[in-house]
Amino acid sequence: MRLLYFAWVKEKTGIAAEDVEVPRGIATVAELIAWLKTRGPEFANAFDRAEVIRAAIDQSHARHDAKIGGAHEIAFFPPVTGG
């Protein structure tokens, strides 16, 4: 699965994208975030406030309880504001 990181999520993880093999049993965006937080201090820091991070599954916005099975790409980004 391809994971993409944007804005401060990218800055804190130190990477823009990576291909990962998600461990068995991880079925939702929230579970994926919880697993990512275990991958090192940079990920723990990036996802420290997971509740504000937005996700997109295959380029469609998704809630944290969304199922990730069959996804090719998941993107993580902070809330977007603008005018």
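**Strand pairing and salt bridges in a predicted model**

Colleague: How many bridges join strand S1 (residues 2-5) to S5?

Modeller: Strands here are DSSP runs of E with at least two residues, as helices are runs of H or I with at least four, both numbered from the N terminus. Two strands pair if DSSP finds at least two bridges between them. S1 and S5 run parallel, and the number of bridges joining them is four.

Colleague: On what basis were these values computed?

Modeller: This is a predicted model, in which local features need pLDDT of at least 70 and side-chain atom pairs count only at pLDDT 80 or more, whereas totals for chains, interfaces and linings use all residues. Residues are numbered from 1 along each chain as its sequence is written, and side-chain values use heavy atoms, with hydrogens and water left out.

Colleague: Why is strand S5 (residues 73-77) described as largely enclosed by the rest of the structure?

Modeller: A residue is buried under 20% relative accessible area, exposed over 50% and partly exposed in between, using a 1.4 Å probe and protein chains only. S5 is largely enclosed because, of its five residues, the number buried is four.

Colleague: What is the length of the polar contact between the side chains of Glu18 and Tyr5?

Modeller: A polar contact is a pair of N or O atoms within 3.5 Å; within protein, one atom must be able to donate a hydrogen and the other to accept it, and residues adjacent in sequence count only if both atoms are side-chain atoms. For the side chains of Glu18 and Tyr5, the value is 2.7 Å.

Colleague: With which residue does Arg39 form a salt bridge?

Modeller: A salt bridge places a side-chain nitrogen of Lys or Arg within 4 Å of a carboxyl oxygen of Asp or Glu. The closest N and O atoms of the Arg39 pair are 2.7 Å apart. Arg39 lies in the loop between helix H2 (29-37) and helix H3 (41-46) and its partner in strand S2, so the pair ties together parts that are 21 residues apart in sequence. The partner of Arg39 is Glu18.

Colleague: How many salt bridges does the structure hold?

Modeller: Among them is the one between Asp19 and Arg2, at 3.3 Å from N to O. Another joins Arg63, exposed at 61%, to Asp65, partly exposed at 47%, with N and O at 2.9 Å. In the whole structure, the number of salt bridges is three.
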